[in-house]
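This report looks at a few helices and charged pairs in one protein model. Please have the sequence and the 3D view ready.

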Amino acid sequence: MLEQFKEKNVVGYGYGSTFHLVNEMGIIQWTYVVDKDPQKWGTKDGYIVVGVEYIKEINLEDFVFLIFPYESQGIIEFFLSLGVPKSSIYTLKDLLKDAEFNEEFNNKQQQEKDKNRINRELRSRVINIDSDHQAVFRRWFNNNINLKYRDINLKFVLAASISTLLEYACEPSLDITLPFQPAESKYVVYGDGPILVPMFASIRADHHKRMAAILKEIDKELISIITFDDININNYDLKRIEHFKYSINEKNTSLISSVIDTFEETYFQLTLNEKEWLKHTSDYFIQLIDFYLDVIDYNFDFRVLLSIFPYYLQENILYQISVQKNAKNIVYQHGNYIALNPELGFHMYLYTYAMESDYYLLWNEKSKKELFETHNKQLNKLIVLGNPCKIEVFKNKKTNKFLVILPGKVEMHEQKIQVLVEHAEKLAAELNLKYDVRFHPLNYIALNKEGLHFFGKEVNISSCNFDDYDFYIGRESALLDELEDSGLMVYRHMELIRDIPSYYQSINQLLDLVRVELLSEDDNNSVQLSLKEIQQKYASFILKVLDE
């Protein structure tokens with residue numbers, strides 16, 4: 001394949017970090033480099049950088065084209081529309097199929113990663129951002145610069161991206177990259193009614209199930225659902241499929257420049273790569289706003305937006321559209337509202353500076369306290385409806401069995417998981433107990449999946465009969481918090497796990513602690529609510545909002 005690049009003139013598309021990395025390998029000689037950003041045009045590092053329109057003026061048969069951006073489909077279609085033969089268009093993915101190029105590219109990429117890590121560390125010392133991360137993040141929202149597009153405030157749409165950029169530049173110890181958005185996406189719209197429910201791919205599998213369970217309690221004719229990509233979480237009649245394609249031609253260069261200028265005036269000067277990423281991200285969501293307003297076109301008059309992530313990207317755009325329509329905005333809880341390591345990063349403060357919703361539907365009083373005390377939400381907006389985790393009252397018996405609750409995505413926590421399971425084995429042997437393993441619901445677990453064979457235990461993926469266990473061990477997780485709040489015996493740290501034998505001998509003391517009760521709305525009696533009853537309460541609340 002590399003012979004193609006020796007026999008013909010070569011045009012590279014995308015004068016960015018990947019181009020520079022491949023260029024340093026010295027394999028390809030460039031005739032032109034094409035980039036959509038006018039600020040990059042001219043003679044750069046001995047190469048001629050031109051705009052995309054220049055391609056129309058050359059003899060296409062004399063050139064091969066190499067596209068560097070990973071999301072390349074839209075660029076390929078653009079080249080084809082200009083008359084470039086398909087056989088003359090290559091992507092970085094194509095080149096990586098060549099074994100020799102692949103090996104050299106990976107080595108070069110690792111060198112760049114090492115260099116980047118060192119540069120990030122040095123740069124973070126120069127930037128010298130205040131250690132009060134909450135105060136730093138607040139500055140993005142508190143400046144007086146107007147960054148609105150079609151009445152949608154980009155400060156909030158881009159909030160998650162800004163927090164990522166701050167962490168990338170200021171926290172070199174965090175393993176962070178600057179992710180580019182996909183060049184195209186498929187959106188599926190179901191139903192046609194007064195409740196709009198966005199369900200995007202970033203939502204965990206158990207969140208889909210919880211939201212779907214609520215919706216089942218509401219007449220399906222009342223629901224409109226928009227999903228990102230082709231996730232099908234229910235059987236509502238399909239309304240239509242719409243395709244979003246990102247255009248390589250920036251639609252609002254002045255506003256994008258204002259985003260860059262606002263960040264640099266608020267914080268610090270961006271590097272070339274950081275600026276390139278923030279430009280792309282801003283342009284992407286400006287185009288997505290047009291797509292939502294003009295293509296999907298919410299011609300149905302929805303009155304309630306029921307969402308999970310209103311402070312993130314796509315859902316924030318829909319949130320702001322709902323505000324324009326004077327619709328009620330209801331946030332359904334999906335996890336703990338306090339980060340595990342509040343001393344690290346800026347991302348945790350998204351909750352604090354998210355635009356105010358009308359109601360927050362919460363699992364328990366702990367979540368209510370977190371939103372009120374940590375994230376300054378108004379008490380009259382915080383509605384405790386029950387816990388979606390079905391924890392039944394313990395039977396008055398000793399089961400001689402405990403549950404290991406594993407953290408997060410398996411592939412991200414394999415070492416922690418291995419340690420937990422090893423301690424569980426030792427504990428089970430010492431006390432002559434049995435134990436089960438519970439995976440976090442965000443994992444799609446195949447029990448024979450490579451890398452999981454060492455468990456060899458009964459695996460509970462998304463739900464457990466919690467009265468089958470005497471106690472629970474694990475790291476930090478929302479489920480452990482819920483179990484502990486309910487009075488169950490939870491052990492989080494290895495030094496405490498070693499003390500379990502002494503506690504385990506006093507099983508009667510344990511049983512006195514494990515009464516799970518939720519307060520009934522009807523009277524002062526404490527009752528145990530079933531999962532179905534809790535789901536019905538959520539649904540009843542939403543229907544009540546519709547009647548207001």
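The model is predicted, so local features need pLDDT of at least 70 and side-chain atom pairs count only at pLDDT 80 or more, while totals for chains, interfaces and linings use all residues. Residues are numbered from 1 along each chain as its sequence is written, and side-chain values use heavy atoms, with hydrogens and water left out.

**Two helices**

Helices (H or I, at least four residues) and strands (E, at least two) are DSSP runs, numbered from the N terminus. Helix 8 takes in residues 159-170, which is 12 residues. The expected span of a helix is 1.5 Å times one less than its number of residues. For helix 8 this gives 16 Å, and the end C-alpha atoms are 16 Å apart, so the two values agree.

How many residues of helix 8 are buried? The count is 12 of 12, and the helix is mostly covered. Here buried means under 20% relative accessible area, exposed means over 50%, and partly exposed lies in between (1.4 Å probe, protein chains only). Among the buried residues of helix 8 are Ser161, Glu167, Tyr168 and Cys170.

Ser322 sits in helix 12 (residues 313-324). Ser322 counts as buried because its relative accessibility is 0%. Contact means heavy atoms within 4.5 Å. Apart from neighbours within four places in sequence, Ser322 is in contact with Phe302, Leu305, Ala327 and Asn329.

**Salt bridges**

A salt bridge is a side-chain nitrogen of Lys or Arg within 4 Å of a carboxyl oxygen of Asp or Glu. The whole structure holds 10 salt bridges, and the table lists three of these pairs.

| Pair | N to O distance |
|---|---|
| Arg150 and Asp290 | 2.9 Å |
| Arg240 and Glu242 | 3.0 Å |
| Lys401 and Asp436 | 3.2 Å |

Lys401 belongs to strand 17 (residues 401-405) and Asp436 to strand 18 (residues 434-438), so this pair ties together parts that are 35 residues apart in sequence. Asp436 is buried, at a relative accessible area of 3%. Arg240 and Glu242 are both buried as well.

Arg150 and Asp290 form a salt bridge. Arg150 lies in the loop between strand 7 (148-149) and strand 8 (152-153), and Asp290 lies in helix 11 (residues 272-296), so the pair joins parts that are 140 residues apart in sequence. Arg150 is partly exposed, with a relative accessible area of 37%, whereas Asp290 is buried at 8%. Arg150 and Asp290 are also linked with Asp294 in a network of salt bridges.
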